[in-house]
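The sequence and the model come first.

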Amino acid sequence: LDWGKTWTQSKGAPSGMTPSEWDPWQTLAADPIDGKTFYALSNNLEKDGAASVYKSTDGGANWTRAGQIKGTWNQRLWTEHHLKTMPGKSGVLWMSLRDPYTKISDEPAQGLFFSQDGGKNWLGVDNFDVAHSFAFGAPAPEKTNPAMYVAGQMGSKTGIFRSDDATEKLDNIAGATWIQIWDHAIDTDAQAVLRGLSMIGADRQQYGRVYTGSVGTGRSMYY
């Protein structure tokens, strides 16, 4: 309340939710409409096998568990985990979960999920077997809802996908249209970029522009 001069520890959320400086995971999100509402993602810190979403309605002072996505075993951890709020909509959250060391068939609690009630209930987006990360960008021409980008795997295809209507078809997400805008199989920098897909971003001003990084030799940013 004093521009960062003094701090008070919050109550109700498990400690250890903040990723280290080496981890790119986004685990804290602000409601785009209600300035006092925040959401945080716990990567099974409670040891009950769940990715849990906590909610605060008083600016982060107090937190309660809003909902969760249950994994298949109590020590379940997801290597990649992101939580974001959707621009322009209060209480609409999206989450991506992935563990590259567990077969997709052995852990259904992987992929892309969304909630329309502040994190209480979650639905999966069946298009994606793997979701490394995701981002929201400027709307397509003649649309007002944000475009959505997902770095992941859809069937046998791996890359970055865009949907111009997924964020407006939350009640019929199966009817959303996705197109692949980057294919790692035909890119000369494929492996470097592929390993950097754990965090992508999208331009909120210019439709169609998405950003990603790379790892290994020649680290850089691509768009």
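The text below goes from the whole chain to its sheets, its aromatic rings and a few single residues.

**Basis**

This is a predicted model, in which local features need pLDDT of at least 70, side-chain atom pairs count only at pLDDT 80 or more, and totals for chains, interfaces and linings use all residues. Residues are numbered from 1 along each chain as its sequence is written, and side-chain values use heavy atoms, with hydrogens and water left out.

**The chain as a whole**

Helices (H or I, at least four residues) and strands (E, at least two) are DSSP runs, numbered from the N terminus. Of the 223 residues, 45% count as buried; buried means under 20% relative accessible area, exposed over 50%, and partly exposed in between, with a 1.4 Å probe and protein chains only. The chain exposes about 11,900 Å², and carbon and sulfur atoms supply 51% of that area. Accessible areas come from the Shrake-Rupley method with a 1.4 Å probe; for residues, only the protein chains shown count as cover. Among contacts with a separation of 6 or more, 46% are between residues 24 or more positions apart, a contact being heavy atoms within 4.5 Å.

**The sheet of β1 to β4**

Four strands form an open sheet in the order β1-β2-β3-β4, with antiparallel pairing. Two strands pair if DSSP finds at least two bridges between them. Because β1 (28-30) and β4 (64-70) stand at the edges with a single partner strand each, one side of each is left without a neighbour in the sheet. Neighbouring strands of this sheet are turned by 20° against each other on average, direction ignored. For such angles, axes are lines fitted to C-alpha atoms, for helices over the stretch in contact, and angles run from 0 to 180 degrees between N-to-C directions. Three bridges join β1 to strand β2 (residues 38-43) in the antiparallel sense, and Leu28 has Ala40 in β2 as its bridge partner.

β10 and β11 run antiparallel and are joined by seven bridges. Val150 has Phe161 in β11 as its bridge partner. The hairpin of these two strands has two residues between them, and Gly155 takes a positive phi near 65° there. On to the next strand, β11 pairs with strand β12 (residues 179-183) in the antiparallel sense over four bridges, with Arg162 opposite Ile179 in β12. Six of the seven residues of β11 are buried, so β11 is largely enclosed by the rest of the structure.

Tyr149 lies in strand β10 (residues 147-154) and, at 0% relative accessibility, counts as buried. The C-alpha atoms of Tyr149 and Ile200 are 8.3 Å apart, while the two residues are 51 apart in sequence.

**Aromatic rings**

Rings of Phe, Tyr and Trp (its six-membered ring) pair if their centres lie within 6.5 Å; planes under 30 degrees apart count as stacked, over 60 as edge-to-face and the rest as tilted. The count by this rule is five aromatic pairs. Trp94 and Phe136 form one that is edge-to-face, at 6.3 Å centre to centre and 70° between the planes. Trp94 lies in strand β6 (residues 93-98) and Phe136 in strand β9 (residues 130-137), so this pair ties together parts that are 42 residues apart in sequence. Trp94 and Phe136 are both buried.

The rings of Phe128 and Phe161 have centres 5.6 Å apart and planes at 75°, so this pair is edge-to-face. Phe128 is in the loop between β8 (123-124) and β9, and Phe161 is in strand β11 (residues 157-163), 33 residues away. Both of these phenylalanines, Phe128 and Phe161, are buried.

Ring pairs also link Trp94, Phe114, Phe134 and Phe136 into a cluster.

**Positive phi outside glycine**

Trp3 is not a glycine, yet has a positive phi of about 60°. Trp3 is in the segment before β1 and counts as exposed, at 91% relative accessibility. Lys47 likewise has a positive phi of about 60° without being a glycine. Lys47 is placed in the loop between β2 and β3 (50-56) and, at 48% relative accessibility, counts as partly exposed.
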